[in-house]
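Take a look at the protein below. Keep the sequence and the 3D view side by side as you read.

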Amino acid sequence: MRAKKWQIGAFLLPSIALFILIYLIPMVIVFVTSFFDWKAGGIFRFVGLKNYIQGFTADARLLKAGTNTIIWVLLQSFVHVGIGTLLAFGLAKMKRGSKVLRTIYMLPNVISAAALGVIFLNVFNSSYGLLNSLLSAITGKTWTKNWLFDTNSAFITVTCTWLLFTGMIVILVTAGIMSIPSDVVEAARIDGATDFQVNVRIKLPLLRNILGTSVILAATSMLKEFELIYLTTNGGPGDMTINLPLYLYKTSLTDNNYGYANMISVVLIIAGVLAVAFINKAFRMDESDL
């Protein structure tokens, strides 16, 4: 029996109400207060576009945080997803042990960020860290490099704490590969296609929506990445590894400058919406090849 409109509305009402209360109203408040000078103990007064003008013209720290965030979004979208896709194709070829390897590779995704932060602080420690110990054993020289707080290595070191662990991407792409109809692959093989041609010309195009979803997840994860950076370098040395979420945290809870922090929040929200819209358009997410 076909549901009536009021029944559908009644069914959706609790979810809509929760979305409005928990997300929509706070976002409206953030947007409105970004046009105000709002500091702890100060006067709450309207300043128009002052926060935005200051942020985009006179705040070198915001520029650095935004640049780092953009670089990490691009690395996560291309390198992170690329590694996960290659691993998924490799695991899909394995007849034994693929499930065990997928489970092991998912471990960093199920461990809390706090635990991962402590692990990497020990791995990259200058005195007793695993990396320096391995390099010392291989080269025969004593390594005491402070990887997380050296200006020459801090950015790439922090990046490596998440860039190579693509468990979620592997699971998504593997599921997509398994969902491809076998008759499509068999027809290509009958026509003389090699394994490489099947993967590149048949499977990859059919995985477009899965890959688009993976890129969206990867890109948006970098727009909210906070815990690992905060726990490992706290944005240092200097502002070498600061990003927009961490700068937002420091502006609001350390400097107590809530109006300016809300301006950064608006920038992050707009960046997220634009990123998702661009990726949807680039991968033609509303189309199907099957």
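## The model

This is a predicted model, in which local features need pLDDT of at least 70 and side-chain atom pairs count only at pLDDT 80 or more, while totals for chains, interfaces and linings use all residues. Residues are numbered from 1 along each chain as its sequence is written, and side-chain values use heavy atoms, with hydrogens and water left out.

## The whole protein

The protein has 15 helices and two strands. Both are DSSP runs, numbered from the N terminus: helices are H or I with at least four residues, strands are E with at least two. Along its principal axes, the C-alpha trace spans about 75 × 75 × 30 Å.

Of the 290 residues, 37% count as buried. Buried means under 20% relative accessible area, exposed means over 50%, and partly exposed lies in between (1.4 Å probe, protein chains only). Now take the contacts, meaning heavy atoms within 4.5 Å. Among contacts with a separation of 6 or more, 67% come from residues 24 or more positions apart.

## Two helices that cross

Two packed helices are described by the angle between their axes and the distance between the axes. Helix α3 (residues 60-93) packs with helix α11 (residues 195-206) at an angle of about 120°, and their axes are 13 Å apart. Therefore α3 is oblique to α11. Axes are lines fitted to C-alpha atoms, for helices over the stretch in contact, and angles run from 0 to 180 degrees between N-to-C directions. Angles under 35 degrees count as roughly parallel, over 145 as roughly antiparallel, 65 to 115 as roughly perpendicular and the rest as oblique.

The crossing of α3 and α11 is right-handed. From α3, the contact uses T85, F89 and K93. From α11, it uses D195, N199, K203 and L204.

## Helices with a buried side

Which residues of helix α2 (residues 50-57) are buried? They are N51, Y52 and G55. These residues are on the same side of α2 because they cover an arc of only 95° around the axis. The arc is that of the directions from the helix axis to the C-beta atoms. The face turned away from this buried side carries the exposed residues I53 and T57. The buried residues of α2 pack against β1 (36-37), α3 and α15 (258-282).

Helix α6 (residues 113-123) has L116, G117 and F120 as its buried residues. Seen down the axis of α6, they fall within an arc of 105°, so they line one face of the helix. They pack against α5 (107-110), α8 (154-163) and α13 (227-232).

P26 sits in helix α1 (residues 5-33). P26 counts as partly exposed because its relative accessibility is 31%. Leaving aside neighbours within four places in sequence, P26 is in contact with I20 and L21.

Next, find the loop between α13 and α14 (244-254), where P237 lies. The peptide bond from G236 to P237 is cis, with omega near -5°. N234 is in the loop between α13 and α14 too. N234 has a positive phi of about 55°, although it is not a glycine.

R284 is in the segment after α15. R284 is not a glycine either, yet has a positive phi of about 45°. At 38% relative accessibility, R284 counts as partly exposed.

Note on methods. Left-handed = near helix turned anticlockwise from the far one by under 90°.
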